[in-house]
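Let me put the model up and we can go through it.

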Amino acid sequence: MSLSVQIKTLDLFCRVADAQSFSDAARAAGLTQSAVSQSMSHLEEVVQTQLIDRSKRPLKLTAAGETYLIGVREVVRHYQEVAAKIRRPDRPIEGPVRVGAIYSVGLSYLPQATDRFQKAFPNVSLKTEFGSSERVVDLVKAGQVDFGLVSFPRDTRSLASIPWQSEPMRLVCAAEHPLAARTEVSAQELDGLQMMGFQRGLHLRHAIDQCLKKAGVAVDFDKEFDNADSMIRAIQLHESIGFVPEAAVRLETAAGSIRVVACRGIQMVRPLGIIHRRRSPLSPAAIEFGSLLLGREMPSPLDRKSNEAPKTELGTPGDKLPHVSVVA
């Protein structure tokens, strides 16, 4: 297997891990589902280890696959950084890059990525605009940002999505909450409990409601919020509890003001992705920043093909949601 083929296969493995789906990874890479499945089987033959558990939906990595993914991401990232330096030797990467991001994603993931990018490309002016999912979609559609970072990304008539990663949701509580002394609770112990929650109508709230229902649990969301940051502050202020994205509470859990309580009966992830206009080219600088975030080369919108053309610009809360799982 040549080096170029190896890198492409490793890149494809990252796509499958992020999308938790052969078909979604195939669509993002412009390949057939069969080709992706065969590539992953061949990769497992090369490393002589099962990396993907195909018996689960969405697909899950095995323990070996999770370990392999950590190293593979670094290999692909370093390769892309070197490739970026040599593919345009006479055209320095410069100019503005504008990114739209929902609050939790922007605050959790962009600071470190922005620092790395600006060290690599000091002539690029990188600006981020924060907002709700609807606001980010509107910014992308209007061409006010190059691309957007959202949860539950969807293809529409005018927008295409690229799977990025699946972020675990965690049950967290304030340090003063009665469950703070516990390391684990059962799903049944949450039944009837008062919690902070996301607003009705948000895809994330609908996903949480689905998982609770499947687990046979009904909770009382007495206060509702449209973003994770406000919800975390409220959990601390009211000594409450709730389900929030893992990355959004890293600082608080490190400081001890928020405690993570394991609940094996309810396991959820929210899919994160990049959205961009279908027929508008991205600047070289925007492609480089997107590639840094993805850990692989971000394709130009004009190079991507998609046969999907949904009838609505935004999915509705009743739509089937991807990457939502519950373990009863």
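This is a predicted model: local features need pLDDT of at least 70, side-chain atom pairs count only at pLDDT 80 or more; totals for chains, interfaces and linings use all residues.

Residues are numbered from 1 along each chain as its sequence is written, and side-chain values use heavy atoms, with hydrogens and water left out.

So, helix H3, residues 33–47. Helices here are DSSP runs of H or I, at least four residues, and strands are runs of E, at least two, numbered from the N terminus. Which residues of H3 are buried? Val 36, Met 40, Leu 43 and Glu 44, where buried means under 20% relative accessible area, exposed over 50%, and partly exposed in between, with a 1.4 Å probe and protein chains only. Down the axis of H3 those buried residues fall within an arc of 100°, so they line one face; the arc is taken from the directions from the helix axis to the C-beta atoms. Turned away from that side are the exposed Gln 38 and Glu 45.

Now salt bridges, meaning a side-chain nitrogen of Lys or Arg within 4 Å of a carboxyl oxygen of Asp or Glu. The count is 17. One of them pairs Arg 73 with Asp 18 at 2.4 Å, N to O. Arg 73 sits in helix H4 and Asp 18 in helix H1, so this pair ties together parts 55 residues apart in sequence. Asp 18 is buried, at 3%, and Arg 73 is partly exposed, at 27%.

Definitions and conventions:
The expected span of a helix is 1.5 Å times one less than its number of residues.
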